[in-house]
Amino acid sequence: MVDGEPEQAAGDCDEILRELEVYLDQELSPETWRSVQAHLDGCLDCLHVFDFHAELRMVISRKCRQDALPPGLLARIEDCFGTVDLEESGADEPGPV
Ligand SMILES: [Zn+2]
C-alpha cells in the first residue's frame with residue numbers, strides 16, 4: 001500500500017475520458033477506478049466533465065422514474081379536479097349581492 005504522494009500513474013486526460021462511460025456505468029475494475037479517481041483529484045478539467053456527465057445521468061434516471069406515476073395518484077388528482085370543477089360550476093350563478 002502506498003499512502004500519500006500521488007504518483008504519475010494516473011494517465012493522461014484522453015485516456016481518462018475514454019473511461020468515462022464505463023466509469024458512469026460503474027463497471028470499472030477497482031484498479032482503473034482508483035487511477036481515474038487519482039487523475040480527477042489533480043485535473044479539474046476532467047473532474048468537470050465527469051461531474052457533468054454524472055449529474056446528467058442522475059437527472060435522466062430520476063426523470064425516467066417519475067414517468068411511471070402510481071395509478072392511484074392519477075385517480076386522486078382527477079378526483080380533486082373533479083371536485084373543484086363541480087364547486088366552480090355551482091358558484092357560477094351570480095347570487096344576490
Ligand atoms: Zn485530465
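## The nonpolar core

Five residues, I16, Y23, V36, C46 and F50, make up the largest nonpolar core, which has 5 residues. Here a nonpolar core means a set of buried Ala, Val, Leu, Ile, Met, Phe, Trp, Tyr and Cys residues joined through C-beta atoms within 7 Å. A residue is called buried if 20 or more other C-beta atoms lie within 10 Å of its own, exposed if 12 or fewer, and partly exposed in between, with C-beta atoms placed from the backbone. As background, nonpolar side chains in soluble globular proteins tend to be buried together.

A contact means that the C-beta atoms of two residues, placed from the backbone, lie within 7 Å. Both V36 and F50 are also members of the core.

## About the model

Please keep in mind that this is a predicted model, in which local features need pLDDT of at least 70, side-chain atom pairs count only at pLDDT 80 or more, and totals for chains, interfaces and linings use all residues. Residues are numbered from 1 along each chain as its sequence is written.

## The overall fold

The chain has 5 helices and 0 strands, and its pattern along the sequence reads α-α-α-α-α. Helices (H or I, at least four residues) and strands (E, at least two) are DSSP runs, numbered from the N terminus.

Of the 97 residues in the chain, 7% count as buried. Among contacts between residues at least 6 apart in sequence, 66% join residues at least 24 apart.

## L20 and its partners

L20 sits in helix 2 and counts as partly exposed, because it has 15 C-beta neighbours inside 10 Å. Setting aside neighbours within four places in sequence, L20 is in contact with V49, F50 and H53. For the pair L20 and F50, the C-alpha atoms are 6.7 Å apart in space, while the residues are 30 apart in sequence.

## Two exposed residues

D45 belongs to helix 4, which covers residues 44-67. With 11 other C-beta atoms within 10 Å, D45 is exposed. Its C-alpha atom is separated by 8.5 Å from that of C13, a residue 32 places away along the chain.

Q26 is found in the loop between helix 2 (20-24) and helix 3 (30-42). Q26 is exposed too, as 7 other C-beta atoms lie within 10 Å. One for your backbone checks: phi of Q26 is near 55°, a positive value in a residue other than glycine.
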